[in-house]
Amino acid sequence: MKFQTVAIHAGQQPDPSTGALNTPVYLTSTYSYGTAEEGKARFAGQNPGYIYSRFANPTSSALEQKLAALEGADEAIVVASGMAAISSIVYALTQQGDEVAFIDPVYGGTDSFLRNTLVRAGVTVTSYRSDDDFVANHSPNTRLVLWEPVTNPTLKVIDSRKIVGIAKQIGAITVCDNTFLTPYLFRPLELGIDLVMHSGTKYLCGHGDIIAGVIAGNGPLIQRVRTVALKHLGVPMGPQEAYLLQRGVKTLPLRMQAHCENAAKVAAFLASHPKVAKVYFPGLPSHLGHQVIADTASGFGGMVALDLAGGFADAARFLDNLNLFAQAVSLGDLESLACHPASTTHAAMSAEDRAKAGVTEQLVRLSIGVEDADDLIEDLARALSFLA
Ligand SMILES: Cc1ncc(COP(=O)(O)O)c(C=O)c1O
């Protein structure tokens, strides 16, 4: 079946007790197993059946089936947030003395977790400037490598094929944060990546009404992550969120097409504007990573970033004069959003690390929504007209 059909039908069976077409929100923390013998069998994994909603809940299980089908994975796990997904993966698969690598930049929260919190568990964390830097300078002892194929917030493109090639040689686990592209545009497991994760808060949900995380993969790795995420760290997704994410994912293909089309139009407009110093959008043929995305993904995504010549002052004047774009962090919503990453999403990084990662004071990040592109362009043009 094609992606659009899977997005609608996978993980959805009429509810056995009522025939309800949508999987209901199962608001229950525990499940009666009836007899002591049955309880013992369920805990031992000998009998199927729900036990306790931190381990599994029917609303979440239906969503996990849909997401696994969309990623081409054996299994998906839904958790409380994108950060819960990242920390569960890393805590499940690394231990004291291990080396973890990441390719700069990543979301500010991920950066801060790796550099400030994970290191306290005795794990060495090393950042690399690019895929080529990792290829040339990687440590052979790397246990796990994490990257975003289109980076937040600079929209730099990382060639996943290069990272996988090295990781396979040195036996490192590969983890791709696919929040920006989604499985509609990019399917990491098909490139041999071990685990894919998302902030489900963003495009997968699409409506900006939940915080959510998703992990997908195959075999024993994903089972180890499930145990740590749900049984040890205890960060399951709640059933209300699972219901809303199931509903949101059904329209992912429709929304992503609209995001991609609008972003391409906005990027072309900004690239031709004299007051914009630089535009970052992998769909522009001039973007250094254009060909890599053209070869490995089926679209360029809905995120655009731009540099304004006059640093924070210009960025602030531009942002403060936008009407249609809301000044807000997050991304992937129906509404267009704009933010200044250096002072918001990436504020937790040191100034030095930000400078190395290209998160400058003049950078503005736009999440292009699904409004009419002409209206978005008019809003951007008006805000730019306030700059000297
Ligand atoms: C690329 C990326 N990964 C992970 C996260 C963290 O996700 P959450 O906010 O759902 O914890 C974000 C949040 O902005 C993000 O942009």
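This is a predicted model: local features need pLDDT of at least 70, side-chain atom pairs count only at pLDDT 80 or more; totals for chains, interfaces and linings use all residues.

Residues are numbered from 1 along each chain, as its sequence is written. Helices (H or I, at least four residues) and strands (E, at least two) are DSSP runs, numbered from the N terminus.

- Strands of a sheet pair through backbone hydrogen bonds, either parallel or antiparallel.
- Here, 7 strands make an open sheet in the order 1-7-6-5-4-2-3, with mixed pairing; two strands pair if DSSP finds at least two bridges between them.
- Strand 1 (75–79) and strand 3 (124–128) sit at the edges with a single partner strand each, so one side of each has no neighbour in the sheet.
- Strand 2 (residues 99–103) and strand 4 (residues 142–147) run parallel and are joined by 4 bridges, and Val-100 has Leu-144 in strand 4 as its bridge partner.

- Strand 10 runs parallel to strand 11 (residues 337–339), and 2 bridges join them; Ala-326 stands opposite Leu-337 in strand 11.

**Helix 7, face by face**

- Which residues of helix 7 (residues 160–170) are buried? They are Ser-160, Ile-163 and Ala-167, where buried means 20 or more other C-beta atoms within 10 Å of a residue's own, exposed means 12 or fewer, partly exposed is in between, and C-beta atoms are placed from the backbone.
- Looking down the axis of helix 7, its buried residues fall within an arc of 65°, so they line one face of the helix; the arc is that of the directions from the helix axis to the C-beta atoms.
- On the other side of helix 7, Lys-168 and Gln-169 are exposed.
- Gly-171 follows helix 7, and its phi is positive, near 75°.

**Around the ligand**

- Ser-81, Gly-82, Met-83, Tyr-107 and Ser-199 come nearest among the 14 residues around the ligand, a residue being near if its C-beta atom, placed from the backbone, lies within 6 Å.
- Helix 4 (82–93) and helix 5 (108–117) each supply at least two residues of the shell around the ligand.
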